[in-house]
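Thanks for coming, everyone. Please look at the screen while I walk you through one chain.

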Amino acid sequence: MIQRPIARISGLGVAVPSGIRTNADWEAALDTSDQWIVERTGIRERRWAGPEDTVASLSKTAADLALEQAGIGPMDLGGIILGTATPDRLLPSTACDLQALLGAENAAAFDIAAACPGWLYSLTVAEGLIAAGQAEHILVVGAEKLSTITDETDRSTAILFGDGAGATVISAYRNEANGGILSTFIRSDGRLASLLYRPGGGSTRPFSQEVLDDRSHFMKMAGREVFKAAVRAMTQACDEAIQRAGVAAEDIDLMVPHQANIRIIEATAKHTGMPMDKVMVNIDRFGNTSAASIPLAFDQAINEGRLERGMLILLVTFGAGFTWGSSVVRW
Ligand SMILES: CC(C)(COP(=O)(O)OP(=O)(O)OC[C@H]1O[C@@H](n2cnc3c(N)ncnc32)[C@H](O)[C@@H]1OP(=O)(O)O)[C@@H](O)C(=O)NCCC(=O)NCCS
């Protein structure tokens, strides 16, 4: 009998720009305060890329670490899937630029446009390719330079976002004892696209002086509506991933949620029945880094010694589209 391979996270690495933007920096630039930002979002500082940082260069640094941890080289990769809302160029994909930087000529490289769930969507695609026997190792990256699409004059969005990259190697295993991805769940609702979007710069409104003048190349967001939808969708996603994995909420050892707002995380955890001491939070250091968010939090959980082999991890995310998703992983 042919046994379907099990996909497992075999390596993880992250990279963030050295530039830091604190709440005090935003206080100096906008009509806002450290107290408002901390109370309403949980954010204290975020990483801010300089011109020397590209999505591909941050991804390369993260990928080198992930490959080393997985014990493989770039030529062992059968795929590179990169979730991003801020590709370095509109054509070709940033995944292809990353492929060239890595020297991973055996891989098929492509981007996934799923906003904040970009890494989890990419993980889901990679898992499917591995289960179908298409590749033994796939690099799954979530990387963003949101500073380039953030309107620095809009206090309701500017303070939320930051830059960074996380890379994971997803590998095929044939022995369940090694753990692996037990379930994945992804969904979208495009009817709500205009609640969080970039109106200009695409092919309906290509770049022009007008686009720049009306600042429509920056993100626009209806924060309160996004907040409510995020809690609703992330709660559904937690239930789905747990059910699909055939485990109970009480069995989950650690939840690693997308870091968009501490209040969204707390509300999702409460609905799912997860006490906050089982929830990984690092929004204070990085803000919302979109597709990089879960790998950055995952990495910090490992560095803090919060993960042991065999533990059950619940990953959950939400973003523009709207898109959302979840996964249960045995570490
Ligand atoms: C953006 C967000 C933090 C705003 O918090 P909120 O509690 O919903 O606040 P509101 O938008 O209702 O605004 C409340 C007041 O604070 C003001 N405000 C907004 N941003 C502010 C800031 N940076 N500093 C000070 N005041 C601010 C508003 O103008 C409003 O003032 P008003 O009452 O005089 O009109 C919150 O809605 C949020 O996190 N939404 C989800 C965002 C998100 O996660 N997006 C990405 C999805 S992946």
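**A strand on the inside**

Let's start with strand β4, residues 79-83, which runs parallel to β6 and is joined to it by five bridges. Strands here are DSSP E runs of at least two residues, helices are H or I runs of at least four, and both are numbered from the N terminus. Two strands pair if DSSP finds at least two bridges between them.

A word on the source. This is a predicted model, where local features need pLDDT of at least 70, side-chain atom pairs count only at pLDDT 80 or more, and totals for chains, interfaces and linings use all residues. Residues are numbered from 1 along each chain as its sequence is written.

Back to the strands. Take Ile-81: its bridge partner in β6 is Val-140. β6 also has β7, which runs antiparallel to it, with nine bridges joining the two. There, Glu-144 stands opposite Gly-164 of β7.

Are the residues of β6 buried or exposed? Nine of the nine are buried, so β6 is largely enclosed by the rest of the structure. Buried means that 20 or more other C-beta atoms lie within 10 Å of the residue's own, exposed means 12 or fewer, and partly exposed is in between, with C-beta atoms placed from the backbone. His-137, Leu-139, Val-141, Ala-143 and Lys-145 point one way from β6. Ile-138, Val-140, Gly-142 and Glu-144 point the other way.

**Two domains**

Now zoom out. The chain divides into domain 1 (6-178) and domain 2 (180-330), with bounds from an automatic or database domain assignment. Their C-alpha centres lie 13 Å apart. In contact are 47 residues of domain 1 and 42 residues of domain 2; contact means C-beta atoms, placed from the backbone, within 7 Å. On the domain 1 side, elements supplying at least two residues each include β6 and β7. That side has 23 nonpolar, 15 polar and nine charged residues. Nonpolar covers Ala, Val, Leu, Ile, Met, Phe, Trp, Tyr, Cys and Pro; charged covers Asp, Glu, Lys and Arg; the others, Gly among them, are polar.

**Around the ligand**

Last stop. How many residues surround the ligand? There are 19, and the closest are Thr-32, Gly-223, Phe-227, Ala-260 and Asn-261. Near means a C-beta atom, placed from the backbone, within 6 Å. Each domain gives the shell at least three residues. Helix α8 has the largest share, five residues. By class, the shell has nine nonpolar, seven polar and three charged residues.

Definitions and conventions
Contact = placed C-beta atoms within 7 Å.
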